[in-house]
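Please look through the sequence and the model shown below before reading on. The paragraphs that follow lead from the fold of individual chains to the packing of a helix and its surroundings.

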Amino acid sequence: MKKIFLFLSIYFIFLNPLFALIEVDITRGNLDPLPIAVSPLHVDIKSEKYEGLKIKELGNNISSIIEKNFKNTGLFNPLKKEAFVQKPDIAHLKPRFEDWRLIKAQALVTGKLLVKDGKLKIEFRLWDLTAAKEMTALAFTTTPSNWRRVAHIISDKIYERLTGEEGYFDTRIIYVAESGPKSERVKKLAIMDQDGANTKYLTLGNELVLTPRFNPTNQMVTYLSYFRNMPRVYLLDIETGVQDVVGNFPGMTFAPRFSPDGKKIIMSFAEDGNSDIYTMDLETRIVERITNHSSIDTSPSFSPDGKYIAFNSDRSGLQQIYVMRSDGSGVKRITFEKGIYGTPVWSPRGDLIAFTKMRKGRFYIGVMRTDGSGERLLTENFYQEAPSWSPNGRVLVFYRETKAGSKGEGFSATLWSIDITGYNERKLTTKTDASDPSWSSLLSK
Amino acid sequence: MTKSLIYSLIFHSVMILLTVLTLPFMIRQPVDLPPIVSVELIQISDKTNIPFAPKARKIIEETKKEEERVVSEQAPPAAKAKEKPDRIPLPDEKKEKKQIVKKKQNPEEIEPQIRQSSEFEKKEIVDTNQIAALIDKAKEEEAIKKNKIDKLTQSSVKNSFATGLTLSEEDALRAQIFGCWSVPLGLPYDENLLVRIKLKLKKDGTIMKSEILDHQRMNRPGQKFYKVLAESALRAVRLCQPLKVPPTGYEKWKEIQLNFNPEEMLKG
Amino acid sequence: MIFNKNLKNIFLVVFTTLILSACSTAKKSGDLEGDVYTGTETVKYLASGVPDRVFFATNKSSLTTASRATLRKQAKFLRKNKKLNVTIEGHADERGTREYNLALGERRANAAKDYLMTYGISGKRISTISYGKEKPVNPASSPLAWSQNRRSVTVKVN
């Protein structure tokens, strides 16, 4: 018997090495930002002048915007220009990969631009330095005054190539610009590029304005206005500045949003003290009642396919989040943890719902799956609420208010953003205090 | 006695109850839970890669030879240092001579300053010594046991025995690549995210050839993320050169397959 | 002897208990009852002896006994001044989401309106408006300020 075992053991020793391909499982990596070198774009000498633009600095300005965009994601680490080893024009033609690798860069962005006949032509290339080859190359033509948008579009393309995700840099944020003492705040609708540039005010501040939202084409805004001391939902055309009240409701309408196809406005209407959710078709003007309950129903949010609506209701006693079909049927509560919930917002990817949670005097911004499971709280604060999704469903923008002293001193409202991973919480720069932010979709779509 | 004890207990509890109800600071503050950190439990066994009795002798002999080689390679600098005070026979010198002799017989007593080997190399030598001692006692019994175990747990065999890498070697390699791999965060976590890369290595750990095993998937529509993931894995592997490979057994690991799977990281 | 000692101990305990409970939170003392403001700090008057506002508990729009008493006074005042119309403003504290607070303010304004109507005031004389948390009367961030902000204010229109 022992001999048989000995034989078998020898057999196995010699048999196994024949199949021995070592396999090692790598299940972890690091979350270090990718070191990327963004070379200033080379400005073609043939470039002509263009009113109001410093053409010679355009190459630098564009690369600075790209760098800032990358740095703000927390996923990339743009390297300092002082260390760059090649001039922009040469680097764009044939980068010396080994030299760039020396400064620890793993990716390189190069480009060149030409202003001629009133047009701006830009070309950029993305290089993989460890593989020593080109990853992406694209060219654009546009009016020179649009140079900021080109920088954002280039950032989006590179972001997508390196992460597999759609970018979110060529976008705008609409919000309420606030000023004045806390008991008498002056509020105006404001719009800005996602990086804080190009701030424009859309209303004058004579009446209270709240909770603005973009339509899917980013050309219209819906919001709540206290014009003539009558709180109603309005529509504003960004281009013309024309404001129109939505419908002819005999009472307060508020919390407005657009449907995903842009054809309807969904909002709350308060009748005899009770708030229910209604929609109005912008073309036919037909009003449809969606909820019919003696509780407060507000803050509706469509799923991106338009089939479902998430909303806030206190029909169980306190504010909770519910989901129903877009015709109002099949109402289901989805929040059951301890605490109260508000402001549900459906992700543009359709996979998550972001929300505000209040518990024991603290405010949280979080995300959960659309059935209410997998709740993850991303940040906690004295006061914060109203998250809004970036168009790629990876970042949330929301606002915070600080504690005020006995006379209201020390009060401020600011915009913040955070990744859905919980990382990279940062403050957005706005010219004034700000609240009620809403993120547009990609402008280039 | 008992009566007063009872009274005392009642009144004490009443007092406590009243203080709890009226004093505000007794209200419990919300507990801030720290973020949950997932911990990987790695089973570290005393001995890994226990060779069978017949082969063990061979391996021990081989490693002993290599030790001697290594020691002798590194001994010269030390020897030179000692040559100078040779003329005057000092008591220190004699001791050192004894030490050199000792080294050849009992490798475990090698002073750390001379041996500049990395962690896993040291362990290997120590391991085989312990095993030598064991095997002298129980030759065939060990073989039988090992055989039975192998038959039962074939999956673990793939990783520990057949691969020829000890647990610590594998860990060292994995840890090295962990450091080099920047996981792209934008990956969907409900898809199959396995990237298998086959590498042909040189003896010094640099890569001769790399191959992504599912490379057709990279260009399929809707699998853009797979291309990004595969590229990040390739980048990691290239950045990590030279890889932490064992100093011996080149035939065993000259071809290696790395299975990159960020699922755990994304779900966490 | 023993009994006297016990009695002394009981008295001591009760005495200290009473002293301790007297130093309790503002729950019972001061201007807050439960969660509802009961003071007069921010209160204005429609007429002598007729307060212009009532207060609410957090997240609630139900009227307390004191609120009802105030509203009855308002109703009496309105019955006397038949030509007077009013707007009831509903407000909320800052400790909630903005849109829900708008709805809550609306509920509170209507709670006051409904009560006035049960005392014979025609609904046509009363309009309501909600300001949510947008117009706090006390800008501080304290439980007292918040309780003062949770209110329905009756404002003369003409």
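**From chain patterns to packing**

Read along its sequence, chain C follows the pattern α-β-β-β-β-β-α-β-α-β-α-β, which comes to four helices and eight strands, where helices (H or I, at least four residues) and strands (E, at least two) are DSSP runs numbered from the N terminus. This is a predicted model, in which local features need pLDDT of at least 70 and side-chain atom pairs count only at pLDDT 80 or more, while totals for chains, interfaces and linings use all residues. Residues are numbered from 1 along each chain as its sequence is written, and chains are lettered from A and ligands numbered from 1 in the order in which they are written.

Within chain C, strand S8 (residues 151–156) pairs in the antiparallel sense with strand S5 (residues 53–55) over three bridges, and S8(C) also pairs in the antiparallel sense with strand S6 (residues 86–91) over five bridges; two strands are taken to pair if DSSP finds at least two bridges between them. Of the 158 residues of chain C, 44% count as buried, a residue being buried if 20 or more other C-beta atoms lie within 10 Å of its own, exposed if 12 or fewer, and partly exposed in between, with C-beta atoms placed from the backbone. Among contacts in chain C between residues at least 6 apart in sequence, 69% join residues at least 24 apart, a contact requiring that the C-beta atoms of two residues, placed from the backbone, lie within 7 Å.

Chain B has ten helices and three strands, arranged along the sequence as α-α-α-α-α-α-α-β-β-α-α-β-α. Of its 268 residues, 19% count as buried, and among its contacts between residues at least 6 apart in sequence, 75% join residues at least 24 apart.

In chain A, the domain assignment, which is automatic or from a database, gives domain 1 (34–163) and domain 2 (172–439). The C-alpha centres of these two domains of chain A lie 36 Å apart, and the contact between them takes six residues from domain 1 and seven residues from domain 2. On the domain 1 side, the largest share, four residues, comes from H2(A).

What does helix H5 (residues 147–163) of chain A pack against? Its buried residues pack against strand S2 (34–38), helix H2 (55–73), strand S5 (107–116), strand S6 (119–128) and strand S7 (133–142) of chain A, together with helix H8 (224–239) of chain B. H5(A) is mostly covered, with twelve of its 17 residues buried, including Trp147(A), Val150(A), Ile158(A) and Tyr159(A). The expected span of a helix is 1.5 Å times one less than its number of residues, so H5(A) should span 24 Å, which agrees with the 24 Å between its end C-alpha atoms. H5(A) is followed by Gly164(A), whose phi is positive, near 85 degrees.

The largest nonpolar core has 77 residues, and Ile353(A) is one of those with the most contacts inside it; such a core is a set of buried Ala, Val, Leu, Ile, Met, Phe, Trp, Tyr and Cys residues joined through C-beta atoms within 7 Å. Leaving aside neighbours within four places in sequence, Ile353(A) is in contact with residues including Ala310(A), Pro344(A), Trp346(A) and Met368(A). A second, separate core of 59 residues includes Val150(A), Ile158(A) and Tyr159(A) together with Cys180(B).
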